[in-house]
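Here is a short briefing on one protein model. Look at the sequence and the structure first, then read the points below.

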Amino acid sequence: MKYRIAKRINPLNNESKFYPAPQYMEELTLMDLAKDISDACTLNVTDVDAVLTSLLRKLPMYLKSGFKIQLGNFGRMKLSFSSKGFANP
C-alpha cells in the first residue's frame, strides 16, 4: 500500500510528530466487486451481486449476536468495545 508522511500536532501540548498516512485509490462499489468476481468465474454479475448483498445484510446480525466470523484468508471479523473502569457495577 502506498503512503505519505504527514506531520500531526498534538493539541494538548503542541508537540508535532510525523506519521505514515495511507494513500487510497478510488472507492470500489459493491457492483464493481461483483463485476470483477464475475469475470474471474462462471457466475454472472447478478448472482455475485446477490450473494455479496446477502452477506452484507447478514453480517451485522451475526456480529450483534456475538459470533466471530472467519472469512477465509481475509481474516476474522468480530465486534469489540472498550470502556472506563468503575469502582461499582
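The points below go from the overall fold to single residues.

This is a predicted model, in which local features need pLDDT of at least 70, side-chain atom pairs count only at pLDDT 80 or more, and totals for chains, interfaces and linings use all residues. Residues are numbered from 1 along each chain as its sequence is written, and side-chain values use heavy atoms, with hydrogens and water left out.

**Fold and overall form**

- The protein has two helices and four strands. Helices (H or I, at least four residues) and strands (E, at least two) are DSSP runs, numbered from the N terminus.
- Along the sequence, the order is β-β-α-α-β-β.
- The protein is more spread out than a compact globule, because its radius of gyration is 20 Å, well over the 12 Å that the globule rule gives for 89 residues. The radius is taken over C-alpha atoms, and the rule is 2.2 Å times the number of residues to the power 0.38.
- The C-alpha trace spans about 55 × 45 × 20 Å along its principal axes.

**Surface and contacts**

- What share of the 89 residues is buried? Buried residues make up 10%. Buried means under 20% relative accessible area, exposed means over 50%, and partly exposed lies in between (1.4 Å probe, protein chains only).
- The accessible surface comes to about 8500 Å². Carbon and sulfur atoms hold 57% of that surface. The areas come from the Shrake-Rupley method with a 1.4 Å probe.
- Take the contacts with a separation of 6 or more: residues 24 or more positions apart account for 2% of them. Contact means heavy atoms within 4.5 Å.

**Charges and the salt bridge**

- The protein has 13 positive and 8 negative charges, and their mean positions are 16 Å apart. Lys and Arg count as positive, Asp and Glu as negative; His and the chain ends are not counted. Each charge is placed at NZ of Lys, CZ of Arg, CG of Asp or CD of Glu.
- The whole structure holds one salt bridge, a side-chain nitrogen of Lys or Arg within 4 Å of a carboxyl oxygen of Asp or Glu.
- Glu15 and Lys17 form a salt bridge through their side chains (3.7 Å, N to O).
- Glu15 is partly exposed at 39% relative accessible area. Lys17 is partly exposed too, at 43%.

**A look at Pro22**

- Pro22 sits in strand β2 (residues 16-22).
- With 38% relative accessibility, Pro22 is partly exposed.
- Leaving out residues up to four places away in sequence, Pro22 touches Met1, Lys2 and Tyr3.
- Gln70 is 48 residues from Pro22 along the chain, and their C-alpha atoms are 26 Å apart.
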